[in-house]
Amino acid sequence: MTHAARGETTTTFKALLKGYRVRADLTQEELAEGSGVSVRAISDMERGIAKSPQRRTIESLAAPLSLTDEELTGLQKVAKQSRTQPIAAPIAAPAGIYESPMIGILPADVDDLTGREHDLEALRTLAAGLLGGRRRSGRIAVLSGPPGTGKTTLAVRTAHDLAADFPDGRLFLKLRGMSSEPNDPADVLHLILRSLGVDAVHIPADLEDRVSLCRSLLQERATLIVLDDAGDEAQVRPLLVGGPRCLTLITSRQMLVGLEGASRLNLDVLSEDDAVALLSTIVGPGRVTRERTAAIELAALCGRLPLALRIAGNRLASRPTWPLARLVDQLQDRSKRLTTLTAGDLNVRSVFELSYRQLTPTAAKVFRRLAVVPAADFSVGAAMTLIEAEEDDAAIFLEELADASLLQTSPENGRYQFHDLLRVFATERLTQEETPEAVEAAENRLADWLVRTATAAARYFHPTDGASRPPVATSSFDDHSSAGRWLEAEMKNWLAAVKSVAARGDHRPVLDLAESMHWYSEIGGTASTWYEMFELAMNSAIAIGSKRDEAVHRNYLAWVQATLCDQSDEAAKMALRAWDAAVEAGDRREQGWARVYLSSAQLRDGNLATPPELFDDAVRLFEEADYPPGLHVARAMRATFWYRSGRLDDAAVEFDICVRYFKQGHGGSRTPVDDTTYAYLLLRSAQNLAALDSADLALAQCETALELFRRHGAAMGQGRALQDTGRFMRRQGDHAKARRRLTEAVAVFERIGLTQSQIDTLCDRAALSDEMGDPVSARDDRERALALCDRLGRTEGTKIRERLTEHLNAS
């Protein structure tokens, strides 16, 4: 029978089915609901994509269509005729591909494939390996990635590009792995054999025999085979029949990790530039150029996902008068974002839905509940907590989600993350499939686990003073290094969690976490992190009426304001209020810390009129509280005051006592805080030594401090040590090294948000440039420092601005 005759049979079946559905006054959705056959399958049959459905499928349609026995028999007869017609073998020509529900004409190439040049080159290299020498079998490449990343588009482009290398044809096989009725490998092999010219009566019934026959026929052919939308390894393995001159490209949302000997390309979202370029090709470069900022924002809201970008671009192309900003505004609403990303039959939500419906029930629960995690990435522990499972079980479900490309592995080892739009989809599923009570319970469990675990992690950073509770290992960490990595990786999550716990009025965990975090705050985090943390704790202390806790956290806030936020006046006021609370609580230790933080704030403000009694009070209070670490911190503060007052010899004696105390361990093995406290003291002592003309010893102490800060990842300390070593090297005339150290310091202070320190170091580098005869660099640094002044408080910012402006005018 001719190809045209086969078309007539298919059209008759389409017409019969659609006519019966219209007669029954049913939509495709209503027919699907009544028959149990998917809407997609019904649509494919009515459009002629599925030309020969199985008997059981047709029988399922009979009842809702109210077919008579004669009508049912007739419909089955038409379907059977379609299945048994002889099939021509159009593969005789290089580009000929048999057209069927599973094997189709190679789809048209797209003109605007963007951002896949590296992947295309990898596939060309793979094909070149075939041509360069004989192999026992063909090469295989798996193209995987989240739904909507353009796996099929890349495979099609590759097939078009490599047409000349595969003169015996290119097979495009639709496996429908994500559909409710994936194509059976035996049926696909049957059609491959027919396309290769095998008569139907000669096709073996057994699957393995069909595999063997396909391999024998392809043994000497140079054929490119695309297996599109593979569901799993079991569906794919029998179809790997290519001979040594064949290349097989498999597209799948699954990673197909069980396939051996395959090259793998995991497609990710596009870069920002490529995403904007794709929008330009669809809507026109002029519109994108005029609204470049809106285009970048639009690409971000589409998650730089090719499918979403095409949908957004198509919508804009069909509305030439719309500004890009209009679609940006629509996409800002997360609850409507997936609905907005629809253009004709292109729909991001439905693409995600296909993958979601393939999940096991528990994996689906993990997927949607992970939407409540505050930050972009998460650990196995979070999944374990959300579904109340064992950690090993939770890890299995996360791997299932990663294999299905519904989660991505995070750059941080052992962690996972959502694509932005998949997170929106997970939120939708959570809202629609779970009760508000279940969602709230999951959120609370996660918040409690994060706060509890963060508290345990921070205890690894307490000094070995004998007074702190010893740290306790958890499944997430068992030493200070792993605890530090956990705290850094989970910082956004545990900070959001403690806000949630505080909001529901559970104040004691907030206070425990904040007090536990105090020493770690000198190593990790940012100024804003610690301001939020200790302000929450102060408010919790006030809420429960605990003056002792109020004093503790007002003291910590005073430290943040003075040391991290460059707010000396506010820090002094906070320290005075901490003193009042500590006195009311009768807590000598906190009274001592209040005096330390008050004197520290005043010293940072350059106030040499600070009453000396403040330092003596702090020393006495710590002695009365029998708290040696606080005592030696207070003595170091007093030594700093003496240094600034010109009592250099007295300061040297006091610094020496404090350095010897913090150099030795107390109560056990040293912790990171023991080392960083010692390092900060070395920096203070170095300044006094330099003033006593012991520049070499001062520089050596700074270098020791820098090494300790780097060992423990203490960014703020690294910045201080780099700045001080740069200053000492400048004094010794080593300008090149001084510039390198000061430049490193600027970068560190910028990263952690210490504006005042960044300005000071820029001014140091400008002065160095003056000495080196480089007025252009000096001016650049002072202009950069001037631009940063707006971030400071009005008084301090104005003073620095006036000084910098004077320098700039003079130059």
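**Note on a predicted model: loops, charge pairs, a helix and a sheet**

1. Arg-176 is placed in the loop between β2 (170-174) and α8 (185-195), where helices (H or I, at least four residues) and strands (E, at least two) are DSSP runs numbered from the N terminus. The phi of Arg-176 is near 50°, a positive value in a residue other than glycine, and Arg-176 is buried, with a relative accessible area of 14%; buried means under 20% relative accessible area, exposed over 50%, and partly exposed in between, with a 1.4 Å probe and protein chains only.

2. The model is predicted, so that local features need pLDDT of at least 70 and side-chain atom pairs count only at pLDDT 80 or more, whereas totals for chains, interfaces and linings use all residues. Residues are numbered from 1 along each chain as its sequence is written, and side-chain values use heavy atoms, with hydrogens and water left out.

3. Asp-693 also has a positive phi in a residue other than glycine, near 65°. Asp-693 sits in the loop between α33 and α34, and at 72% relative accessibility it counts as exposed.

4. Arg-315, in helix α14 (residues 306-317), is buried yet has no salt bridge, and the nearest side chain of opposite charge, that of Asp-333, is 12 Å away. Here Lys and Arg count as positive and Asp and Glu as negative, while His and the chain ends are not counted; a salt bridge is a side-chain nitrogen of Lys or Arg within 4 Å of a carboxyl oxygen of Asp or Glu. The side chain of Arg-315 does reach the backbone oxygen of Thr-340, at 2.8 Å. Leaving aside residues up to four places away in sequence, Arg-315 touches Trp-322, Leu-327, Gln-330, Thr-340, Thr-342 and Ala-343, contact meaning heavy atoms within 4.5 Å.

5. Searching the whole structure gives 48 salt bridges. One of them joins Arg-357 and Glu-433, with the closest N and O atoms 3.9 Å apart; this pair links distant parts of the chain, Arg-357 being in the loop between α17 (348-356) and α18 (361-369) and Glu-433 in helix α21 (residues 420-433), 76 residues apart. Arg-357 is partly exposed at 48% relative accessibility, and Glu-433 is partly exposed at 33%. Both belong to a network of salt bridges that links Glu-353, Arg-357, Arg-368, Arg-369, Arg-429, Glu-433 and Glu-434.

6. Asp-675 and Arg-711 meet through their side chains in a salt bridge (3.9 Å, N to O). Asp-675 in helix α33 (residues 672-691) and Arg-711 in helix α34 (residues 695-711) are 36 residues apart, and the pair links distant parts of the chain. Asp-675 counts as buried, at 9% relative accessibility.

7. Arg-730 forms a salt bridge with Glu-771, the closest N and O atoms being 2.7 Å apart. Because Arg-730 lies in helix α35 (residues 715-731) and Glu-771 in helix α37 (residues 755-771), the pair ties together parts that are 41 residues apart in sequence. Arg-730 is partly exposed at 26%, as is Glu-771 at 43%.

8. In helix α25 (residues 507-517), the buried residues include His-507, Val-510, Leu-511, Leu-513, Ala-514, Ser-516 and Met-517. Among the elements that cover the buried residues of α25 are α22 (436-458), α23 (480-489), α24 (491-503), α26 (527-544) and α27 (547-564).

9. An open sheet of 3 strands runs in the order β8-β10-β9 with antiparallel pairing, two strands being paired if DSSP finds at least two bridges between them. Its edge strands, β8 (377-379) and β9 (408-409), each pair on one side only. β8 pairs with strand β10 (residues 415-417) in the antiparallel sense over 3 bridges, and Phe-378 stands opposite Tyr-416 in β10.

Methods:
Polar contact = N/O pair within 3.5 Å; in protein donor to acceptor, adjacent residues only side chain to side chain.
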